[in-house]
Amino acid sequence: MPSFSALFGVADDFTNLPCELCMVLALLFALYSNEQKRGATPLAFDEMITGGESPRQPYEKYFEWYNAQDRAHLIGKSRDAENIFRKTGITFAVYGHADSSEKLIPFDIIPRIISGREWRKLAQGIEQRVIALNAFLDDIYHKQEIIRAGRIPRELIENNVAFLSEMIGFRPPGGVYTHIVGTDIVRTGEDQFYVLEDNARTPSGVSYMLENRETMMQMFPELFHENKVQRVEDYPYLLRQSLASLAPPGCKGKPRVAVLTPGIYNSAYYEHSFLADTMGVELVEGSDLRVIDGKVKMRTTRGYEAIDVLYRRVDDDFLDPLTFRPDSALGIPGIMDVYRSGNITIANAPGTGICDDKAIYSYMPEIVEFYTGRKSILENVPTWRCSEASSLKYVLEHIEELVIKEVHGSGGYGMLVGPTASKKERADFAEKLKARPNNYIAQPTLSLSTVPILVNKGIAPRHVDLRPYVLVSDKVQIIPGGLTRVALKQGSLVVNSSQGGGTKDTWVLED
């Protein structure tokens, strides 16, 4: 790999460059290197700069462009992006905060860049994993062969709050349970990728992926001429096409698709309305729907009309007050009877939330091998199940080194990051572990990879993860890129927007 100076045809000490450019490059590397030493996890792999201060191949063209830019101009562009997001209304709510107003999700204008070769490995591993997840769901709601084979404990399934007895013996249209999957990926080295979570119930964030790309194309069109970036803009069309292809067998003519939202006070309401609008389908609430003549129908100006496919963004518990929580005002009374009779497709299927359980996650290598006959291409992060006495003992003895999560937790809530927690926080969390060990798993503190963000002084490294989006019908389609979430606070490993994280446009380059 050429050094940064060799890329520009100059000596490593920058002596042949004009003084102004010498200073820019020297300051650029000094700033970034100092930030790496101070803020990043020790030994963190940087996706932009190699150990020899050279740009990695995916970033070469971008950095040739970056070094020709005026920093004040880029800072101005960053403000422009913020204004675009504000005017568009790209916000989210954080529950439980005293200030519950809508918040603007921070967006960083430096893209995260992935080579075509790197993406191919990721895509193969994600596809294998999603196929295994669907096979696993079909099995546990039917023959339960994986349990009988002794690969997963029976109690882990039957005592799981996300396991729905109402789904036993029922197979959804096309045999697809997880129509939309968001697989969280972290990176620790040149070719070291790990799956952090499987989001198989109602994965969120795809609207940010699309808005990030549109904003970047609007502000920096020249970059997309110079870099062969694979498209993500087709996602709404592909989503609608994928959902419609799994309409119930009795559907006549063009399937009617709708997005079910809990309403305007939901933290992801912007995304629900965005997806309905870009797909060209109706956005509905439970009060807009009712069961008539064995079908779920939507109130329109022409009376009630049947819906064939419902992309629900409502949790299982609230989906049908006649089957689940009787106090739910968000769902449709009787929809589960319509579903089981084969007159509507619900995406994702009820009961898929068991795949989001972090105790189930710890068995994913076994699950992948059991259903695909091959070792998992993408590895899990090593995981201790606190329900096991030996693991609990280890976790309590090494709590200052580990990240501990609730098995049903999400959004960065209910977790402890041992290395950054205080002595009191660790002691309090240890008591929670002892009281409810089944509720927790633990993982090592990984050296998550870093990528550059724009700061007032130039660029600085910050830790990231990646959520690629997968559509499943009679085929598996993986959108090239996904949502990069970035921990904007120096040294932080928590990337969730609810915990102060931001987002980036993710570029997957063509070969």
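Which residues does T188 touch, not counting residues up to four places away in sequence? T188 touches F45, Y194, L446 and S447 under that condition, where contact means heavy atoms within 4.5 Å. This is a predicted model, in which local features need pLDDT of at least 70 and side-chain atom pairs count only at pLDDT 80 or more, while totals for chains, interfaces and linings use all residues. Residues are numbered from 1 along each chain as its sequence is written, and side-chain values use heavy atoms, with hydrogens and water left out.

- T188 lies in strand β4 (residues 180–189); strands (E, at least two residues) and helices (H or I, at least four) are DSSP runs, numbered from the N terminus.
- With a relative accessible area of 16%, T188 is buried; buried means under 20% relative accessible area, exposed over 50%, and partly exposed in between, using a 1.4 Å probe and protein chains only.

**Strand β17 and its partners**
- Four of the five residues of strand β17 (residues 440–444) are buried, and the strand is thus mostly covered.
- Strand β14 (residues 384–385) runs antiparallel to β17 and is joined to it by two bridges; two strands pair if DSSP finds at least two bridges between them.
- R385 has I441 of β17 as its bridge partner.
- Strand β15 (residues 402–406) also pairs with β17 in the antiparallel sense, over five bridges, and P444 in β17 is the bridge partner of L402.

**Nonpolar cores**
- The largest nonpolar core has 61 residues, and Y62, Y66, I109, Y235, L239 and L243 have the most contacts inside it.
- Helix α8 (residues 206–219) supplies the largest share of this core, six residues.
- A nonpolar core is a set of buried Ala, Val, Leu, Ile, Met, Phe, Trp, Tyr and Cys residues joined through side-chain atoms within 4.5 Å.
- A second, separate core of 47 residues includes A200, V284, I332 and V407.
- Beyond four places away in sequence, the residues touched by Y235 include I180, V206, M209 and L210.

**Packing of α10 and α11**
- Helix α10 (residues 235–244) packs against helix α11 (residues 269–279) at an angle of about 80°, with their axes 8 Å apart.
- This makes α10 roughly perpendicular to α11, a term that covers angles of 65 to 115 degrees.
- Y235, P236, L239, R240 and L243 of α10 meet L275, T278 and M279 of α11 in this contact.

Definitions and conventions: Axes fitted to C-alpha atoms, helices over the stretch in contact; angles between N-to-C directions. Parallel < 35°, antiparallel > 145°, perpendicular 65-115°, else oblique.
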